Amino acid sequence: MSNVQFSEVQLLNLSALFAIRDSVQHDRIAACCKFGLSADQAHVIGTLSIDQILVVVLNVGQECLFLPRQDIVSLLALPAPLAGVMTSVHPPHKTTSTLVTSR
């Protein structure tokens, strides 16, 4: 796999999966809060190996696994200090009431 050329979409998927996996392995509950994950999603992503992530990214191809927020245009139009406040007032997705436990 040393000669693989990743597209921009694949690089985004790869970076996001590695960041989320590492975050879950460090602190599962914090990762669920940061990335809006359910306990099941955190468990699955947290157990992926580097090779498994690479295989998923290569096979998913040009399908973006992490889509922008619905309000991205509005947020980008705001003054930078206000954008941060607005993201906390209007989260990108509804939170689920899934109990997160250590596994």
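Residues are numbered from 1 along each chain as its sequence is written, and side-chain values use heavy atoms, with hydrogens and water left out. Because the model is predicted, local features need pLDDT of at least 70 and side-chain atom pairs count only at pLDDT 80 or more, while totals for chains, interfaces and linings use all residues.

The secondary structure of the protein consists of 6 helices and 0 strands; helices (H or I, at least four residues) and strands (E, at least two) are DSSP runs, numbered from the N terminus. Along the sequence the pattern is α-α-α-α-α-α. The protein has 103 residues, of which 26% count as buried. Here buried means under 20% relative accessible area, exposed means over 50%, and partly exposed lies in between (1.4 Å probe, protein chains only). The accessible surface comes to about 7,300 Å², and 61% of this surface belongs to carbon and sulfur atoms. Accessible areas come from the Shrake-Rupley method with a 1.4 Å probe; for residues, only the protein chains shown count as cover. Among contacts in the protein with a separation of 6 or more, 67% are between residues 24 or more positions apart, where contact means heavy atoms within 4.5 Å.

The largest nonpolar core has 7 residues, namely I20, V24, A31, C32, L37, A42 and I45. Helices α1, α2 and α3 each supply at least two residues of this core. Apart from this core lies another, of 6 residues, including L14, L48, L54 and V57. A nonpolar core is a set of buried Ala, Val, Leu, Ile, Met, Phe, Trp, Tyr and Cys residues joined through side-chain atoms within 4.5 Å. Within the largest core, V24 is in contact with A31, L37, A42 and G46, leaving aside neighbours within four places in sequence.

In α2, the buried residues are R28, A31 and C32. These residues lie on the same side of α2, because they cover an arc of only 100° around the axis; the arc is that of the directions from the helix axis to the C-beta atoms. C33 and K34, on the other side of α2, are exposed. The cover over the buried residues of α2 includes α1 and α3. In α3 (residues 39-46), A39, A42, I45 and G46 are buried. They too fall on one side of the helix, since their arc around the axis is only 140°. The cover over the buried residues of α3 includes α1 (8-26) and α2 (28-35). An α-helix has 3.6 residues a turn, so residues three or four places apart point the same way.

Q41 also lies in helix α3, and counts as partly exposed because its relative accessibility is 41%. Q41 and V24 are 17 residues apart in sequence, with their C-alpha atoms 9.9 Å apart in space.

A search of the whole structure finds 2 salt bridges, a salt bridge being a side-chain nitrogen of Lys or Arg within 4 Å of a carboxyl oxygen of Asp or Glu. One joins the side chains of D22 and R21, with an N to O distance of 2.9 Å. R21 is in helix α1 and counts as buried because its relative accessible area is 11%, whereas D22 is partly exposed at 41%. Leaving aside neighbours within four places in sequence, R21 is in contact with I45, G46, L48, S49, I50 and I53. In the other salt bridge, the closest N and O atoms of D71 and R69 are 2.8 Å apart. D71 is partly exposed, with a relative accessible area of 23%.

S49, one of the contacts of R21, is in the loop between α3 and α4 (50-60). At 32% relative accessibility, S49 counts as partly exposed. S49 and F18 are separated by 31 residues in sequence and by 9.4 Å in space, C-alpha to C-alpha.

On the surface, I72, V73 and L76 form a nonpolar patch with about 320 Å² of accessible area together. Patches are made of residues with over 30% relative accessible area and no salt bridge; like charges are joined within 9 Å, and nonpolar side chains (Val, Leu, Ile, Met, Phe, Trp, Tyr) within 5 Å. V73 is found in helix α5 (residues 72-77) and counts as exposed because its relative accessibility is 67%.
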